[in-house]
Amino acid sequence: MAFEINGKSIELTATGFLVNQDDWDKSVGEAIAKEEGLALTQDHWDVIEYLRDQYFNHNGELPNNRQILKGMQDIWTGRKVDSKTLYDLFPGNPSKQGGKIAGLPESMRKGGY
């Protein structure tokens, strides 16, 4: 599976995740989000940047929903952040759908933890 972004062919797995993480940029993230039916806000980008930071700067870690929740509580200080907040942003599962839009490999763990 592939799609065209800015004249470049981007290869995806059968489940819609990037084959090559180096192909990702914000325009690719926006295109994947559009396919997922999401319009990205700054809160979405905060989660996406957190996921990318954890993966690329912490030995390939793919944070689960609990880790994302804790990370966003640190980033969004002074705001109430709970699971509903994350699922409102990424209804398809914050770690999986967020990771897909962030251009990360598909997580094979089950559930939110």
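Eleven residues line the largest cavity of this predicted model. Of these, Leu62, Ser95, Gly99, Pro105 and Ser107 lie nearest the centre of the cavity. Sorted by class, the lining consists of four nonpolar, three polar and four charged residues. The volume of the largest cavity is about 50 Å³. The count of cavities of 30 Å³ or more comes to one.

Two of the residues nearest the cavity centre, Ser95 and Gly99, are also among the buried residues of helix α5. This helix spans residues 94-101. Seven of its eight residues are buried, so α5 is largely enclosed by the rest of the structure. The buried residues are Pro94, Ser95, Gln97, Gly98, Gly99, Lys100 and Ile101. The cover over them includes four other helices: α1 (26-35), α2 (42-57), α3 (65-75) and α4 (83-89).

Both ends of α5 show local features. At the start of the helix, a side-chain oxygen of Asn93 comes to within 3.0 Å of the backbone nitrogen of Ser95. After the helix comes Gly103, which has a positive phi, near 80°.

The relative accessible area of Gln97 is 7%. Because buried means under 20% relative accessible area, Gln97 is classed as buried. Leaving aside residues up to four places away in sequence, Gln97 touches Glu36, Leu38, Phe90, Pro91 and Gly92.

A separate part of the description concerns strands β1 and β2. Strand β1 covers residues 2-5, and strand β2 covers residues 8-11. The two strands run antiparallel and are joined by four bridges. Across the pair, Glu4 stands opposite Ser9 in β2. Together β1 and β2 form a hairpin, with two residues between the strands. Asn6, in the turn, has a positive phi of about 50°.

The side chains of β1 alternate along the strand. Phe3 and Ile5 point to one face and are buried.

Technical notes
Residues numbered from 1 in each chain as written. Predicted model: local features only at pLDDT ≥ 70, side-chain atom pairs only at ≥ 80, totals over all residues. Heavy atoms only, no water. Buried < 20%, exposed > 50% of the residue type's maximum accessible area, 1.4 Å probe, protein only. Contact = heavy atoms within 4.5 Å. Pairing = 2+ DSSP bridges. 1 Å grid on protein atoms, 1.4 Å probe; cavity = no way out; pocket = protein on both sides within 12 Å on 5 of 7 lines; lining within 4 Å. Points joined across faces, edges and corners; volume = space filled by probe spheres on them. Nonpolar A, V, L, I, M, F, W, Y, C, P; charged D, E, K, R; others polar. Polar contact = N/O pair within 3.5 Å; in protein donor to acceptor, adjacent residues only side chain to side chain.
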